[in-house]
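Here is a short walk through one protein chain. Keep the sequence and the 3D view side by side as you read.

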Amino acid sequence: QVQLVESGGGLVQAGGSLRLSCTASGSIFSINDMGWYRQAPGKQRELVATITPGGITNYADSVKGRFTISRDNAKNTVWLQMNSLKPEDTADYYCNARIRLTIRRDEDNYWGQGTQVTVSS
């Protein structure tokens with residue numbers, strides 16, 4: 001069974017920083033793209049950032065220049081460094097990964113349980 005375990009959420013004042021971490025564990029053959037999504041109360045889940053195994057990144061316009069996504073392929077881990085946080089960044093943040101369990105299986109989409117980020121004004 002594959003698990004994505006997140007950590008690093010919390011309460012921070014506007015202008016502050018947080019670093020989220022997510023590690024995939026289990027019987028994994030390979031991991032393709034990894035990323036972070038977020039969902040604020042009453043809103044749909046939205047993409048925050050993604051990163052390919054080769055390190056190519058993609059960011060939502062709202063976080064460009066403030067957030068940085070990175071990964072360690074050997075550790076099956078992805079991070080999200082969040083700087084200059086704003087109250088509108090308040091949301092539950094979810095880790096996502098495209099994982100292949102065996103060489104014969106297609107990739108499946110996996111999600112973490114979510115970690116809460118609250119930015120006070």
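Is N76 buried, partly exposed or exposed? N76 is partly exposed, with a relative accessible area of 23%. Buried means under 20% relative accessible area, exposed means over 50%, and partly exposed lies in between, with a 1.4 Å probe and protein chains only.

First, the ground rules. This is a predicted model, where local features need pLDDT of at least 70, side-chain atom pairs count only at pLDDT 80 or more, and totals for chains, interfaces and linings use all residues. Residues are numbered from 1 along each chain as its sequence is written, and side-chain values use heavy atoms, with hydrogens and water left out.

Back to N76. It lies in the loop between strand 7 and strand 8. Strands are DSSP runs (E, at least two residues), numbered from the N terminus. The phi of N76 is positive, near 55°, and N76 is not a glycine. Most residues other than glycine have a negative phi. S84 also has a positive phi, about 50°, without being a glycine. S84 sits in the loop between strand 8 and strand 9. Its relative accessible area is 40%, so S84 is partly exposed.

Four strands form an open sheet in the order 1-3-8-7, with antiparallel pairing. Strand 1 (3-7) and strand 7 are at the edges with a single partner strand each, so one side of each has no neighbour in the sheet. Two strands pair if DSSP finds at least two bridges between them. Strand 3 and strand 8 are joined by 6 bridges.

Next come two hairpins. Strand 4 and strand 5 pair antiparallel over 5 bridges. R38 stands opposite E46 in strand 5. This hairpin has 6 residues between the strands, and G42 takes a positive phi near 75°. Strand 5 also runs antiparallel to strand 6 (residues 57-59), joined by 3 bridges. Here T50 stands opposite N58. The hairpin has 5 residues between its strands, and G55 in the turn has a positive phi of about 95°.

Last, look inside. A nonpolar core is a set of buried Ala, Val, Leu, Ile, Met, Phe, Trp, Tyr and Cys residues joined through side-chain atoms within 4.5 Å. The largest one has 31 residues, and W36, L80, M82, Y93 and I99 have the most contacts inside it. Strand 9 gives the largest share, 5 residues.
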